[in-house]
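Take a look at the model below. This report covers a pocket and a pair of packed helices.

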Amino acid sequence: MEQALVQVDGLLAAGRWSDARQHCSAILSLWPDQPDALLRLCRIAGKTDGPAAALDRIRRMVAAQPGLMDVYAHLGAALKGLERTEDAAAGYARAIAIAPVDSAEIHYNLGNLLRTTGRPAEAAARYRQAIALRPDFPEAWFNQGVALRSLDRLEDAAVAYRNAIALRPDHSKARINLANTLVKLDRHADAVPHYEAALALGMDEAAHHGALAGALETLGRRREAEAALRRGLLRWPETTEFHGLLGRILSSQGRMIEAEACYLRLANQPSCPPDILISLCGVDSARGDPDRSRAWCERALEVDPDSEVAMRNLLLNLAYQSHDPAMVFAEHRRHGDRFARPHHAEAKPHGNLPDPNRRLRIGYLSYDFRNHAVARNLLPVLSAHDHRAVEVFCYACSTISDSITASFQHHADHWRPVADISDDAIADRIRADGIDILVSLAGRFDGNRPLVCARRPAPVQISFHDVATSGMEVMDYLVADAALCPRDSAERFTERILRLPSFYITTPLRHAPDPMPPPMAVTGAPTFGSFNNPAKVTGEVLDLWARLLDRLPTARLVLKYLDRYESPDLRDRTLSRLAAAGVDTRRVQLMASVDRMVSHLALYDRIDVALDPFPFCGSTTTFEALWMGVPVVTLPRGTMVSRWSAAMLKTLEMTDLIAGDKDEYVAIAARLAADLPRLSAMRSGLRAQVRASPLCDGPLKARQMERLYRAVWRRWCAARGS
C-alpha cells in the first residue's frame, strides 16, 4: 500500500489528477476507508471537481473517517468555495477540535476565511493561535499584519510584518506592507529601505515606485525622490501620479520650468485633476505672476466647484495683487458662503459657564507649532501667559515636530495632536474640552484648518496672524493694530477688529552676529537688497526698483531667498524685467544658497538699505533687517497684507521710512543712500531700540492679549445673560 501511495503522490506532483484519482480508488477497493487515500481524494476533489461535487465527495469521506482532522479541513475549504462562511468555519473548528496541537495550518485557513469576510479581529486571533503552535510560520505572521492594520493597530501590524520578513527575507509583499505601515506611522526613514528591498525582489509596480518617492520627498531627500520617479516613468510614462509628484519635487527646488512641464502634461488632458491646476497656480505665484496664478485657480474651480483648496489658493493669490478692496471682500465672502455656511447648521449649543471673571480656556488652532514665522510670533505670548487667568490648549494640525514644537508643548497646559482627524472631529474635541475662546492662527496658509471654526466649536472665535478677513460670519474677531487696520481703511472684514497698541511680536534673534558698518562706507556706493520670497517680487515691484537704480547709477541690488535664485527660470525672469527697464544687470546680484540662520543674518552686512515688496510686504524679513541695523523702506497699500512692515516701523517711531506712493518710495530710499551717518547710527543702535520695543516684549503682549480675551469673553457673557 505504501508503494501505491508513493505512486499517487508522484501523479499529484505531475498534475495528473485523473490518474491519481484512479489509483486512490484502486487502493480503497482493497483497503476501504484507508485514511491516506481518502485525504488524497479530498485534495483531488478540491482541485478538479466543481464546488458542489467536491463537497459531496468530501462529505462521504467525512462519514467514512469522522475522526480524521484533515478531512474536516478539506470540508471547510469546500464550503468556503461555496461561500458558506459559517459552515466552513464550523468545518475548520471541528478539524481543530480533533487535533488541536497539529492545527496551525487550520487556524491559518480559518483566519483567512474570517479576514476576507470582514471579521479582522477574529482573524487576528486565529493567526495568533497558528503562530503559537508554529512560530516559524511566515504567512501567518504576514496575514496577521494585514488583519491588524485593518484594525488600525499599526504598531502591532509592523511587528507582525517584521517577523514575517525575519523568517523569509525575500517576502516582498511583507516588505511593501511594512513600508506602507511605517509611512502611516510617519516613520518614513524606516520605510525607505523596505520599499527599496521590495523593488529589488521584483515588486516592480508603479505604485511602489511612487510610494518610495513620496517617502523620500517627505524626508527632504528630493534628489533621490526625483530619481525614483524618473525610473518609474521609464516603465510607466503615462502615470499621472508620477508627473504630479515630480512636479511638486521640482517646484520645491525652484526648478519652475521643469515643474511646469510636468504639470502642463496633465493640465492639457480632459480629465486633469484640480490639484494639478492648483500646483500651476503655485508655480506662477512663485514666479511673481499673480495674474496667471489666479487664472489657474479659477480654472480649478471650474473643474471642481467644491475644491476648497482651490478657493483658498485664490484668496491667497489676491494678497499678491493690488485689487479693489470691495472685490477682495466679495471673494472672501464667496468662500465663506460656499464652504463655511453649510456647516453652520452643525453648531451645537455651548455649555460654557457664562462667568465673566473665571479662568478662561483658550484654544490655539494651528498647523505652525514648529520652526515657522507664525510660531515665532506666537511663542513669546504663549510662553508668558498667566496660567492663573488662562488655561492654554494647543490643537496641532501638523505632524512636523522640532525644538520649537517642544517649547509649545512645554508652555501649553494641554497638547492636542489633531493632524490625522477630520474638521468635524477637531470641532468635537474643542467642544468637549470646553474651550471658551478659539484662536485660529494664519488660517489661509499652509495646512491650517479654518473650516473647523465653521462648526462654531467655541462661543468666541478669533482670527490671529492672518492677512485678511476670513470671510466667515462665525469668526467673531480679528486681531490687528491701528497701522494694520486703520479705522478709515476701505478694506472690509466679516470680523470685528480688535486693535492692540501694537501688533507685531517675535522672539529676539539671540544668536545673530553683531551688525557691521554699512558696506557703503567701504564701497562708496549704496547697495539695496531684498531677502523676500520671490512670489512677492512681482513685475510691478521690479519696475519700481529699476526706477531707483536709474536714479542712483552707482547703486547695486542684491536679491536672495533660500536657494530660489538658483533657478534659471527665476533668474531670467528677474534680470529680463530689470533689463527691460534699463538696468545694467551687472549691477544686480542674485544669491542662491540655503544658510544657517547666523550666516543668513550676516548677509545683511552686504546691503545698506532693505527694499520691501508690495502689496504683500515683508514680515519676518523686515524684522530680521531691522535687527541687523538695516532700515526698511516700505509702501503700504489699501490692504492689511501690505502694512506689516509699516506697523513695525510705526512701533519704532521710524515713520519717515513709510512711503505714501511710488515716487516717495524712491525718494526715501535715495535719501537714505545719501545719509551715511544715519545708516552708521542705525547699524550701531537699531538692535537695542528694537529689543527694548514692544516688538520683543512677550510679557507685555501676553497681558494685552489676556485683557483682550477677557473683554470679548465678558461681552459674550453679557449677551448670554440678556
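Ala, Val, Leu, Ile, Met, Phe, Trp, Tyr, Cys and Pro count as nonpolar, Asp, Glu, Lys and Arg as charged, and the others, Gly among them, as polar. With these classes, the lining of the second largest pocket has 11 nonpolar, eight polar and three charged residues. Keep in mind that this is a predicted model.

**The pocket**

The second largest pocket has a volume of about 420 Å³. It is lined by 22 residues, and the closest to its centre are Arg376, Pro508, Leu509, Arg510 and Met597.

Which helix gives the most to the lining of the second largest pocket? Helix 21 does, with four residues.

**The helix pair**

Two packed helices are described by the angle between their axes and the distance between the axes. Helix 10 spans residues 154–167, and helix 11 spans residues 172–184. Their packing angle is about 155°, and their axes lie 9 Å apart. Angles over 145 degrees count as roughly antiparallel, so helix 10 is roughly antiparallel to helix 11. The crossing of the two helices is left-handed.

Helix 10 makes the contact through residues including Leu154, Tyr161 and Arg162. On helix 11, Asn177, Thr181 and Lys184 are among the contact residues. By class, the contact of helix 10 with helix 11 has nine nonpolar, two polar and three charged residues.

How values were computed
Residues numbered from 1 in each chain as written. Predicted model: local features only at pLDDT ≥ 70, side-chain atom pairs only at ≥ 80, totals over all residues. Heavy atoms only, no water. 1 Å grid on protein atoms, 1.4 Å probe; cavity = no way out; pocket = protein on both sides within 12 Å on 5 of 7 lines; lining within 4 Å. Points joined across faces, edges and corners; volume = space filled by probe spheres on them. Axes fitted to C-alpha atoms, helices over the stretch in contact; angles between N-to-C directions. Parallel < 35°, antiparallel > 145°, perpendicular 65-115°, else oblique. Left-handed = near helix turned anticlockwise from the far one by under 90°. Contact = heavy atoms within 4.5 Å.
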